[in-house]
Each structure stands twice: as C-alpha cells, then as structure tokens.
Amino acid sequence: MAFSSLLSRLRSSSKPICNSVRTSVLQRPKIPFNLAECSRKGQTRTPSWVASLIPLAFAVSAGSLALQSQSYPSLSLNDAPLSDPKSVKIGGKGSTDYVVKGSRREVPLELIEELKGICQDNMTMDEDERYVHGKPQNSFHKAVNIPDVVVYPRSEEEVSKIVKSCNMHKVPIVPYGGATSIEGHTLSPNGGVCIDMTLMNRVKALHVEDMDVVVEPGIGWMELNEYLEPYGLFFPLDPGPGATIGGMCATRCSGSLAVRYGTMRDNVINLKVVLANGEVMKTASRARKSAAGYDLTRLMIGSEGTLGVITGITLRLQKLPQSSVVAMCNFPTIKDAADVAIATMHSGIQVSRVELLDEVQMRAINFANDKKLPEIPTLMFEFVGTEAYAREQTQIVQKIASEHNGSDFVFAEEPEEKKELWKIRKEALWACFALEPNFEAMITDVCVPLSHLAELISRSKQELDASPLTCTVIAHAGDGNFHTVVLFDPTIEEQRREAERLNHFMVHTALSMEGTCTGEHGVGTGKMKYLEKELGIENLRTMNKIKNALDPNNIMNPGKLIPPHVCF
C-alpha cells in the first residue's frame with residue numbers, strides 16, 4: 001500500500017481527543033489557604049470540571065506518581081477463590097473489592113499551624129482541591145477518605161520541614177506528581193497531608209558534554225524534552241501525557257521506548273530523597289558507574305513514596321537520532337503479529353519501538369477519529385540511526401513480516417507523515433473511551449519473558465473475545481509487556497467483577513510463565529494481592545523490614561506496595 005493512500009485514511013476533520021483533557025488537568029485551579037477552612041464540611045462533592053474529565057492517565061504507558069497516604073489500613077488477606085466474591089476481603093488474594101478502607105484521625109491544629117509557617121499561602125484545605133488530590137478520575141480504585149491538607153512546596157528545604165513536622169505528629173504524607181497513575185496510588189483512605197510537588201519543576205543543571213541533567217521532581221517528561229531539544233538531546237522515556245519525572249521514578253515506569261533505552265531504573269544516575277525523619281539523602285555521585293556501597297538509587301526507584309519523597313533527580317540523556325522511520329503492518333491474527341515482534345528482536349535489529357494493537361483497538365481508533373484503517377491486528381515500528389541504517393532496518397523487518405502473513409507494510413520518513421502515523425498509537429486510550437464514554441477502564445499490565453509473549457496474548461485474547469465486555473489489546477511487544485483496556489459500566493457490579501476476572505486470569509497466566517503482574521504501572525493498592533505469589537513471602541518480609549527501618553512511624557504512604565498481611 002502506498003503511504004499516500006494510508007495518509008488519506010489517517011487524516012480526518014475530527015479534533016484531537018486528548019488536547020482538552022490534558023489542558024483541564026494541567027490547569028487545575030489553585031486555591032489559597034485559609035485557616036478558617038479548618039472546620040470540616042460534611043460530604044465531599046465532585047467539582048463539575050473534574051466530573052467532565054475523561055481519565056487522562058494513559059495507563060497503558062505507566063504514568064507518573066500521584067501517591068496518596070493510607071495510614072494504619074484495616075485491610076486483611078484471604079485465600080478465598082475469585083469465584084466466590086462474598087468470601088473475599090479487601091486487599092485479599094483475588095479480591096474484587098476496589099473501595100479501600102482506612103482509619104482516619106484528625107490532623108492536629110498544631111501541625112496545620114506549622115505547615116502554614118513553612119508553606120505560607122501554598123497550602124489549602126479547600127474541599128474541592130482536596131477531592132481532586134484524593135479521588136482523581138484516572139483510576140477505577142476508590143477510597144473512603146481524601147487528604148486533610150494539600151501543600152505545595154517550592155524547595156527541597158520546605159519538603160524536609162514538612163516531612164519532619166508530619167513525622168513528629170505521626171501524620172501520613174502523600175507525594176503527588178502528575179496524577180496519572182492508575183493502581184490506587186492516588187487514594188487517601190486515611191486522610192493526612194498530600195505533598196503536591198508540581199511547583200518544584202525546574203531544571204537545576206544541564207551538562208551537555210556529560211549528557212546528563214539535574215531536575216526537580218515536578219517537571220514533566222514532555223516539558224523536559226522541549227527544554228533539551230535545542231541542545232540536540234532528549235530523555236528517552238515516554239509514559240502518558242502529564243507524567244512527571246518524580247512520579248516516573250517512584251513507579252519505575254517505562255513506555256514504548258523502553259525496548260531500546262531501558263526503563264526508569266536504567267536512566268537515573270542519582271536521586272535526592274527526603275527521608276521520614278526529614279533528613280535529605282543523596283543516593284550516589286554523578287559518575288556513570290560506581291561500586292561504592294549499596295545501590296540506594298535503585299532502592300528508591302519503584303518505592304512508590306513508601307520510603308521517602310524524591311526532591312532531585314539526575315538523568316541520563318541521549319542524542320536525538322539523525323533519522324527515523326515509522327512503519328506499520330497488518331496481520332490476520334494477533335499471534336502472527338506477536339510472532340513478528342519476537343522474530344524482530346531475535347534478528348538483532350535495534351528497534352526503538354515495537355507496538356501491537358488488536359482489531360478491537362483499531363476499530364476504536366477508526367470510530368473516534370473517523371478513519372478507515374484496516375480493523376485487524378497491527379504492528380507499529382520505529383527505527384532510528386543514520387538515514388541509511390534506518391532504511392536498512394525497515395527493509396529487514398518488512399521481509400520478516402512477509403514471512404508471517406504480514407500485509408500492507410507501509411513506512412514514513414517525512415516528519416508530518418511520521419506524526420500522522422504515530423498519532424494512532426498515542427490516541428489509543430482516548431479512542432477506547434470514545435467507544436464507551438460513560439464507562440471506566442480496568443487496564444492490565446502483565447509482562448513475560450519474550451518467548452512467552454505470543455502464547456500469553458493468544459490465551460488472553462480467547463478470554464477477552466468470549467467476554468461480554470469491550471476489551472482492547474495494546475502491547476509494548478518488543479519487551480514482552482502488554483496491556484488490555486477492559487471497559488465496564490461502574491454502576492453494574494457484574495461488569496466490574498467480570499473485568500476483575502479477566503485481569504485475574506491474565507495476571508495468573510503471566511505468573512505461570514515466570515512473568516510479572518506489573519511491567520510498568522506499579523503496585524499501589526491494586527496489585528498488592530498478587531505480590532506474594534510473584535515474589536514469595538521472604539521477599540515481602542525483607543521489603544517490610546526495609547520500610548520499618550527507614551520509616552518507623554509508618555507515615556510514608558502507608559498501606560501501599562507491601563501487602564497488609566506482611567505488615568501486621
């Protein structure tokens with residue numbers, strides 16, 4: 001198929017469906033602190049501007065952290081099978097209950113006065129603002145409470161003072177970034193203090209010759225790359241729009257470029273972290289490699305705010321490629337597409353992206369954007385390097401695809417053409433919500449060794465196709481990570497349980513293949529129930545010992561990441 005023909009299918013008069021959503025979230029209202037707000041109102045209410053949002057977190061890319069505190073949770077673990085929901089308790093193995101409970105206590109007025117002295121006007125107890133921070137619309141998980149106070153520090157020193165005061169009063173704290181996570185990170189079932197890091201969004205130092213940059217946690221990856229572009233550099237991780245660097249570290253995210261550049265743990269040189277007692281720790285030097293002491297940088301990456309608050313990050317950078325080619329190919333079955341992704345990786349080609357979309361996802365894209373793309377399983381590739389090398393890679397992959405029933409292999413080299421082609425992938429989640437605008441999405445995140453990917457996707461696809469729910473498949477096929485977007489009506493309990501059943505099936509199938517329940521989205525509260533089977537009880541007990549040593553008062557996002565039966 002000629003690319004000009006495909007381009008005509010891609011172009012449409014429909015407006016980009018993500019622009020208004022991003023604008024709404026990134027421009028959330030700021031409400032100054034008023035001590036008179038200390039008297040609590042009765043029931044929380046949803047602001048109209050929040051209720052109108054389509055969930056922004058492109059969970060399929062593992063967004064940034066928006067952690068909310070959950071102190072002293074009343075969770076319990078139960079071994080009851082999924083088929084008997086009535087016998088399963090919250091947080092238990094196979095639990096289908098997503099309303100996280102907690103025991104909340106009043107925040108001392110003395111602490112509120114201390115926070116006012118530290119933050120001045122950069123704090124609020126406004127009900128609407130607390131609601132936005134405690135019950136964001138990006139996740140189907142719910143909680144019984146919201147934060148009592150939201151603070152907006154402007155410096156590492158302020159963060160240190162805030163954490164120290166909260167530790168003295170034993171009040172839980174919540175690091176909050178871009179609000180794009182989906183696994184219950186944003187919940188605050190026990191109230192407490194939410195630390196919104198978005199005002200700490202500066203580039204502190206750029207070392208062009210060393211190809212690294214020092215940033216504050218509140219800067220977004222998209223904004224950082226805009227800053228770096230004039231220097232011919234970029235930061236290669238690309239999770240969902242709105243994700244911030246601090247949250248990306250906390251959730252150990254990745255994205256579509258991870259197949260070439262690695263995940264967050266591979267691209268962070270060092271961190272500065274405020275510990276539970278208010279002390280500021282630097283995890284390592286700026287050297288590209290070091291054998292000095294414990295690897296505290298990797299300990300903090302993926303800790304989801306349970307060990308400390310990240311206040312500074314030194315990142316590895318990459319040179320902008322000289323040339324790139326974006327290609328797309330169709331297949332009769334999803335297994336054929338997965339087999340080509342695996343064969344491409346085995347060929348030794350250094351692809352920068354290998355993305356798989358099933359026929360339901362392609363139908364959603366057509367519906368949302370008035371396009372006429374083939375509604376069959378589709379692979380998308382990106383090749384980078386010199387112009388000659390990128391073209392050579394493209395030709396090799398085209399040959400591989402033809403050996404696995406691939407058809408309509410098209411590629412683009414011009415900037416506008418590549419933008420049009422890659423836009424398909426970037427709009428995938430919003431396209432799903434266009435199919436069912438009033439539904440919520442349960443988004444899976446399993447990852448397996450590459451050799452098992454085709455089997456996992458095929459078995460999962462059989463379950464998804466047999467389900468009455470609308471389910472799409474989107475995969476980072478080059479590293480064995482795939483997501484399903486399961487759309488369900490939140491007002492119908494049977495649909496939510498069916499969505500949970502599908503998620504449960506895929507997770508346990510992945511675990512049976514030596515995979516993981518979460519490739520890039522993190523654990524939060526949503527994935528805790530799978531950790532013992534995946535990691536073993538000894539692993540979880542070791543994590544809990546580390547948590548207790550660094551946070552003896554359990555103020556740092558308690559109730560997340562480590563299953564409750566290990567904590568008590």
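Where is the place of serine 181? Serine 181 sits in the loop between β5 and β6. Helices (H or I, at least four residues) and strands (E, at least two) are DSSP runs, numbered from the N terminus.

Ground rules, quickly. This is a predicted model, so local features need pLDDT of at least 70, side-chain atom pairs count only at pLDDT 80 or more, and totals for chains, interfaces and linings use all residues. Residues are numbered from 1 along each chain as its sequence is written, and side-chain values use heavy atoms, with hydrogens and water left out.

Back to serine 181. Is serine 181 buried or exposed? Serine 181 counts as buried because its relative accessibility is 3%. The cut-offs: buried is under 20% relative accessible area, exposed is over 50%, partly exposed is in between, with a 1.4 Å probe and protein chains only. The side chain of serine 181 makes a polar contact of 3.3 Å with the side chain of histidine 185. A polar contact is a pair of N or O atoms within 3.5 Å; within protein, one must be able to donate a hydrogen and the other to accept it, and residues adjacent in sequence count only if both atoms are side-chain atoms.

Now the sheet around that loop. Four strands make an open sheet, ordered β2-β4-β6-β5, with mixed pairing. Two strands pair if DSSP finds at least two bridges between them. The edges are β2 (123–124) and β5 (173–176), and each pairs on one side only. β5 and β6 (residues 193–196) run parallel, joined by four bridges. Isoleucine 173 is opposite valine 193 in β6. Helix α5 (residues 127–134) lies across β2, β4 (149–151), β5 and β6, at about 80 degrees to β4. Those angles run from 0 to 180 degrees between N-to-C directions, and axes are lines fitted to C-alpha atoms, for helices over the stretch in contact.

Next sheet. Five strands form an open sheet in the order β7-β8-β12-β10-β11, with antiparallel pairing. β7 and β11 (280–282) are at the edges with a single partner strand each, so one side of each has no neighbour in the sheet. The twist averages 10 degrees from one strand to the next. β10 (residues 268–274) and β12 pair antiparallel over six bridges. Valine 274 has valine 309 in β12 as its bridge partner. Helix α6 (residues 156–169) packs on this sheet, touching β10, β11 and β12, with its direction at about 50 degrees to that of β10. Helix α7 (residues 221–228) packs on the sheet too, touching β7, β8 and β12, at about 45 degrees to the direction of β7.

Isoleucine 313 counts as buried because its relative accessibility is 0%. Beyond its neighbours within four places in sequence, isoleucine 313 is in contact with residues including Val213, Val215, Ile245, Cys249, Val268 and Leu271. Contact means heavy atoms within 4.5 Å.

Now backbone angles. Most residues other than glycine have a negative phi. Which value does phi of methionine 211 take? Methionine 211 has a positive phi, near 55 degrees. Methionine 211 belongs to the hairpin of β7 and β8, which has four residues between the strands. Four bridges join β7 to β8 in the antiparallel sense. Methionine 211 is partly exposed, at 24% relative accessible area. Glutamate 304 also has a positive phi, near 60 degrees. Glutamate 304 lies in the loop between α11 (296–300) and β12 (309–316), and counts as buried at 2% relative accessibility.

Last, the packing. Nonpolar side chains tend to be buried together in soluble globular proteins. The largest nonpolar core here has 57 residues, and Leu356, Leu379, Phe381, Phe383, Leu453 and Phe482 touch the most other members. A nonpolar core is a set of buried Ala, Val, Leu, Ile, Met, Phe, Trp, Tyr and Cys residues joined through side-chain atoms within 4.5 Å. A second, separate core of 27 residues includes Leu237, Met248, Cys253 and Leu271.

Chain totals to finish. The protein chain has 21 helices and 21 strands. Of its 568 residues, 60% are buried. The disulfide count is zero, where a disulfide is a pair of cysteine sulfur atoms within 2.5 Å.
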